[in-house]
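Student: Could you walk me through this structure? I'd like to chat about it piece by piece.

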Amino acid sequence: MNGVLDVQLFLSVFVTLFVIMDPPGTVPLFLALTGSMTRQQRARAARQAILVAFGVIVGFALFGQSLLNYLHVSVQALQGAGGLLLLLVAMELLTGKMDSNEGYEGTQGNVALVPLGTPLLAGPGAIVATMVYVQQSTESSDWVALALGILLVHLCLWLSMRFAGAIHRVLKDSGTMLVSRIAGLLLAAIAVQLLADAVLAFARQI
């Protein structure tokens, strides 16, 4: 089995990305960002977000280090930018700007792309972890393990968002509004942590 698939590497990739991308934790954020959508729009947003996240992860796995080097951008800068973007989204959730369709009609796809697909799902942590595993992969069995781990994590993400609609039907609009406020607070904390980590990383380099 190890000749075709490095089981230890597969488990390491899967567990690491599962913890970082956090499929169960995406449910309240997904409900908050898609609370004003219909069931069909929510299902489409889930598919688009997964495709975007998968594309970003695979893209950075293949070309990430070369792209950052070409642009003279550090991983810390990428992390700080992700934190700023998440902070803006958190403010909109906390102030209720995403509770209605006003200003968002026809933009459901945009919400699925940014911030849901990236940087919520495919964020700096997941990107950096994937790039590290790519650098460690030297044999075909390593690449199979890496690819399978990434695929399974994204399948878990899709399942968590696929059944978020059932949770929405149970919570109703008032419950979803409460979840939206809580999600905004948690998202703000995540954003601040990303920014703090980026600042500390820059400070250590000086």
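**Talking through the model**

Tutor: Happy to, and let's begin with one side chain: Phe18 counts as partly exposed, at 27% relative accessibility; buried means under 20% relative accessible area, exposed over 50%, and partly exposed in between, with a 1.4 Å probe and protein chains only. This is a predicted model, where local features need pLDDT of at least 70 and side-chain atom pairs count only at pLDDT 80 or more, while totals for chains, interfaces and linings use all residues. Residues are numbered from 1 along each chain as its sequence is written, and side-chain values use heavy atoms, with hydrogens and water left out.

Student: Is Phe10 buried or exposed?

Tutor: Phe10 is buried, with a relative accessible area of 13%.

Student: How many aromatic pairs does the structure hold?

Tutor: There are 2 aromatic pairs. Rings of Phe, Tyr and Trp (its six-membered ring) pair if their centres lie within 6.5 Å; planes under 30 degrees apart count as stacked, over 60 as edge-to-face and the rest as tilted. Phe10 and Phe14 have ring centres 6.3 Å apart and planes at 25°, so that pair is stacked. Phe14 and Phe18 make a tilted pair, at 5.7 Å centre to centre with 35° between the planes.

Student: Where do Phe10 and Phe14 lie?

Tutor: Both are in helix H1 (residues 7–21), 4 residues apart, about one turn of the helix. Phe14 and Phe18 are also 4 residues apart in helix H1, so about one helical turn separates them. Phe10, Phe14 and Phe18 form one aromatic cluster.

Student: New topic: how many helices and strands does the chain have?

Tutor: The chain has 8 helices and 0 strands; these are DSSP runs numbered from the N terminus, with helices (H or I) of at least four residues and strands (E) of at least two.

Student: And what about Ile182, which helix is that in?

Tutor: Ile182 is found in helix H8 (residues 164–205). Ile182 is partly exposed, with a relative accessible area of 46%. Ile182 and Pro28 are 154 residues apart in sequence, yet 8.3 Å apart in space, C-alpha to C-alpha.

Student: What share of contacts comes from residues 24 or more positions apart?

Tutor: They account for 87% of the contacts in the chain with a separation of 6 or more, where contact means heavy atoms within 4.5 Å.

Student: Last one: what percentage of the residues count as buried?

Tutor: Of the 206 residues of the chain, 42% count as buried. The C-alpha atoms fill a box of roughly 50 × 45 × 25 Å, taken along the principal axes.
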